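Q: I am new to reading protein structures, and I would like to learn feature by feature. Could you show me the structure first?

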Amino acid sequence: MPKVSVIMGVYNGEKTVRESIDSVLAQTFTDWEFVICNDASTDSTPPILEEYKERYPEKFIILHNEKNLMLSGCLNRCLKAASGEYIARMDDDDKCLPQRFAVEVACLDAHPEYSVVGSEVQFFNAEGLGEVIHKIQEPTVYDVPKVNPFFHPTIMMRKSVYDALGGYTSNERTRRMEDVDLWYRFFAAGYRGYNIPEVLLYYRFDSNALKKRKLKYSVDACKIVFGGVRMLQLPAKYYLYSLKPLLSWAMPEKLKTIYRKKR
């Protein structure tokens, strides 16, 4: 059984998925398996994934969806197939730094009080590296409505905790907010997490993608935050944060980019 299972959902990722996978192959920590779920891609993603499986049969588990299940559905399939003590998230368009797994495993091994660890990220795109984005080192229930407490693709969580939480909620409401929903349930269950104050992942940032965000996703996000505040039994003033997604959707593009970076 590997120490770490890396899980990834990918849909039409032919342009970026090789970089992402290669960054995992370049890790200094090598006791891992990579479980990847192809979400009914229509480009060349499936053969690319099978190529890695053929080259590294002991390292890769490749799953294929017959229909599109969205990210939450893919990750739940990956969790069922994963056998590692720790679960590391990875997205198909980001890149790990070589020391990522070693640093995160060492932190979880040394701190049993933490159920998940994340890290800082540095933005990048075709033009090169951008700014470094920080997170609160030890977020609490009072931080969750204000800001996403962890960068989802940086996290490494104990599999026992994922199992206790039942994985990701997979429905239309969480189609773009599966991680936010997870954090409300995580903190409501009394778990603690920590953000390592070090850049361990390059996060692809495309400001043009923000322009494509649909109003219905912002409405869904409002509902998740409202329900999360109630779940955590926070003071009434925290319900105001449920309006943030709608305000973000209505922002001018420059302000929207700034808000996205603060998330």
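This is a predicted model: local features need pLDDT of at least 70, side-chain atom pairs count only at pLDDT 80 or more; totals for chains, interfaces and linings use all residues.

Q: With which residue does Asp109 form a salt bridge?

A: Here is the idea: side chains of opposite charge can pair when their charged atoms come close. The rule asks for a side-chain nitrogen of Lys or Arg within 4 Å of a carboxyl oxygen of Asp or Glu. Asp109 pairs in this way with Lys3, and their closest N and O atoms are 3.2 Å apart. This bridge links distant parts of the chain, with Asp109 in helix α4 and Lys3 in the segment before β1 (4–10), 106 residues apart. The names come from DSSP runs, numbered from the N terminus: helices are H or I with at least four residues, and strands are E with at least two.

Q: How many salt bridges are there by this rule?

A: The count comes to 11. Glu51 takes part in one with Arg18, where the closest N and O atoms are 2.9 Å apart. That pair also spans distant parts of the chain: Glu51 belongs to helix α2 (residues 45–55) and Arg18 to helix α1 (residues 17–25), 33 residues apart. Glu51 is partly exposed at 29% relative accessibility, and Arg18 is partly exposed too, at 32%.

Q: What separates Glu51 and Arg55 within helix α2?

A: About one helical turn, because the two are four residues apart in that helix. They form a salt bridge as well, with closest N and O atoms 3.5 Å apart. Arg55 counts as partly exposed, at 46% relative accessibility. Bridges can also share partners: Lys3, Glu85 and Asp109 are joined into one network this way.

Q: Which residues of helix α4 are buried?

A: In α4 (residues 100–110), they are Arg100, Phe101, Glu104, Val105, Cys107 and Leu108. Looking down the axis, you find them within an arc of 160°, so they line one face of the helix. The arc is that of the directions from the helix axis to the C-beta atoms. Now try helix α1, whose buried residues are Val17, Ser20, Ile21, Ser23 and Val24. They cover an arc of only 155°, which puts them on the same side of α1.

Q: What do the buried residues of α1 pack against?

A: Their partners are β1, β2 (32–38), α2, β3 (60–64), β5 (95–96) and α4.

Q: How many residues does the largest nonpolar core have?

A: A nonpolar core is a set of buried Ala, Val, Leu, Ile, Met, Phe, Trp, Tyr and Cys residues joined through side-chain atoms within 4.5 Å. The largest one has 37 residues, and those with the most contacts inside it are Val4, Val6, Phe34, Ile36, Phe101 and Met156. Strand β9 (residues 193–204) gives the most to this core, with five residues. A second, separate core has 33 residues, including Val35, Leu75, Ala82 and Met177.

Q: Is Ser119 buried or exposed?

A: Ser119 counts as buried, at 1% relative accessibility. You will find Ser119 in strand β6 (residues 116–125). Contact means heavy atoms within 4.5 Å. Not counting residues up to four places away in sequence, Ser119 touches Phe151, Thr154, Asn195, Ile196, Glu198, Leu200 and Leu201.

Q: What phi does Gln233 have?

A: Most residues other than glycine have a negative phi. Gln233 has a positive phi of about 55° although it is not a glycine. Gln233 lies in the loop between α8 and α9 (244–250), and is exposed, with a relative accessible area of 69%. Ala40 also has a positive phi, about 60°, without being a glycine. The place of Ala40 is in the loop between β2 and α2.

Methods. Residues are numbered from 1 along each chain as its sequence is written. Side-chain values use heavy atoms; hydrogens and water are left out. Buried means under 20% relative accessible area, exposed over 50%, partly exposed in between (1.4 Å probe, protein chains only).
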